[in-house]
Structure formats: structure tokens, C-alpha cells
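Subject: The structure I promised you

Hi,

Here is the structure we talked about. Have a look at it first, then read on.

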Amino acid sequence: MDWVSIVVAFSLLIAACGSEETVQEDGTGTEDEAGTDEEVDVHDENDEGLTITTSFSILGDMISQVIGDRGTVEYIVPIGDEPHEYEPVPSDFQKVSDADVFYVNGLDLEEWLESILTNVTETEIVAISEGVTAIPLEGGDEDDPHAWLSVKNAILYVENLVDDLIKRDPDGESVYRENADAYITQLEELDTWIEEEVVEIPEEKRVIVVSENAFKYFGADYGFETEGVWDINSHAEGTPQQVSRIVDLVNDLELPAVFVETTVNQDFMEQVSNETNVPIAGEVYTDAVGPEGSGAETYIEMMQHNVNVFVEGLK
Ligand SMILES: [Zn+2]
């Protein structure tokens, strides 16, 4: 992929959008009343509160819980897609350049996105995983970015968010603190609930096998071994050797179930399931919340869903 062309194309696009807005503003005489009102709102940033853009839906939900009515939150990677290798579309660049801040996970999850976006926007990029104790990827040279799958880390994310939001919007301090405190209480309850639920799974069966080994942080918190056909989506995916390693492992450990993610090609786990006769006990959420109607539209709901699927499959 030619990043230079993309950056140039999107710079032109943003410039074009900017001048179009100016034309509309000057020509309000021809617009109907509703249209005129909207134009005025768009240019009156104080009324709108903070405009936040973030990289993917899980962070989008966490930020929404804290910001409440004091701003708007958009995310880049659509639900169903994964954030490791997502290729931005033109509207994504607009979302970032229009924002007061672009919140990312960090731990190199959105490296691809930052590297192209920083060329076309002045918007500040803030990583909200700051302070997380990173777990390394296989080989040890890089960190695993999936820190949000630990509820304890999610609480740290929220604390980082509150600090940053207050810096940007000091008048909102009491609102942000109140929202964050309420949300952190819910997260602490979730953490306790998970600890209680996983007790149902015999210790020797506490092994999570999925396509991408994304549950390392979750596993460290709640006493699970975790395995993936591959270690991370941005690396090699689903070679025959990777699949046969997992097939052997599932057979050796006599696991009652394996799992598959909502954001990953499911063929590989189906192959593992076929070759081992071990069922896929259900879909789990790692890199995105669920779509509307899934019952997993929020971070808390997706974690509850995952735990229910793990317990049902492995107990
Ligand atoms: Zn992932």
C-alpha cells in the first residue's frame, strides 16, 4: 500500500471539505431555516462540548460512559472489523481532524493509523493505556495491546480518561468525576462477578483457545491459560503449522470447548473443531463490542457475555 498517496489524497479531501463549508456559510440566504440553524451549531463549538474521536468501539463505549452529555464520541473501526489492520476510509480522516482529541489504546495497537493520521491533522493523539503493565507478545520484542480485556486495566483506562478530559474541559470536572466514579463502581462489580463465575470451571480446564491469542490480560487476572492459532492479527495468521499446533494442544489437554471471535475469520477455529471433534462453544468479543441487538453493545456487556460463554463451554 502506498501511504504517501493516501495521505496526499486525504489532505486534499480535508482541504476540499473545509472550503465547501465556507461556501455554505456565506450562502445561507438560500438555505431553509433548519439548515441554517445546523450550520450555526456546527461553528459554535462551545455549545457542542468536546468532540472526541477514538480508534475502536470498545474505547468508544468507555469514553461515552465518562463524557455523558458533555460531548460527542465517534470511533473509527466499525463493529465487526478489527483494529489491528483496518484501512482508514476518507471520512475517518475527517473524524480525526474535526476532533478535539484522538484517543487511542496505545501499546502499538493503532500504529498504522497514527502514522498516517499525524500527517494530515494537528489533532492531539492520547494513549489511554498509559500505566498498564504490558504483557509481551511471543518473542518478547513487542507488547500485546489487548490490555482492555482485563477489567482492572479498564479501570486504569477510565482514570486516564478522566484526567485528560478535565485538562481539556475544566468546567466539566464534577460531571466527569461523577460519571467515572459510577462507571468504575460498575467495573469493580464486574471484576468481582467474573472472579465468582470462573470458580465453576475446574482449574485444569481453564484454558481459552481462540484464533488470536487476545485473552492474555484476561487470563492473567482470572487464572486462565490462553492460546491462539496465532498470537496477534497483525502477524502471521493461520498457517498449517499454527493450526496443527492448536489441534495437538486441544487433544492433549482434552479440552471440552474452543471459542471463536466476532472479528476474526472463523474458518480456522472451525478447522480446529473439525479435526479435534471439540465444539466451538460460542462467539466471544475481543476487538469490538457487539452490534445493536446483540446484548453486548457495551464493554461491560461484552465481558459478561464472554464469561458466560467460557463458563458454559468449560465447566
Ligand atoms: Zn485483537
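Below is what I found in it.

First, some housekeeping: this is a predicted model, where local features need pLDDT of at least 70, side-chain atom pairs count only at pLDDT 80 or more, and totals for chains, interfaces and linings use all residues. Residues are numbered from 1 along each chain as its sequence is written.

Now the overall picture. The protein chain comes to 12 helices and 8 strands; these are DSSP runs numbered from the N terminus, with at least four residues (H or I) for a helix and at least two (E) for a strand. It has 315 residues, and 40% of them count as buried.

Four strands form an open sheet in the order S2-S1-S3-S4, with parallel pairing; two strands pair if DSSP finds at least two bridges between them. S2 and S4 (124-127) stand at the edges with a single partner strand each, so one side of each has no neighbour in the sheet. Even so, S2 (residues 71-77) is mostly covered, with 5 of its 7 residues buried. S1 (residues 50-56) pairs with S2 over 6 bridges, and one of the bridge partners is Gly-71 in S2, which goes with Leu-50.

What about the core? The largest nonpolar core has 79 residues, and Met-62 and Val-66 have the most contacts inside it. Such a core is a set of buried Ala, Val, Leu, Ile, Met, Phe, Trp, Tyr and Cys residues joined through C-beta atoms within 7 Å. Helix H7 (residues 151-168) gives the most to this core, with 8 residues. Domain 1 (3-192) and domain 2 (200-314) both give residues, so the core lies between them; the domain bounds come from an automatic or database assignment.

Cheers

Conventions:
A residue is buried if 20 or more other C-beta atoms lie within 10 Å of its own, exposed if 12 or fewer, and partly exposed in between; C-beta atoms are placed from the backbone.
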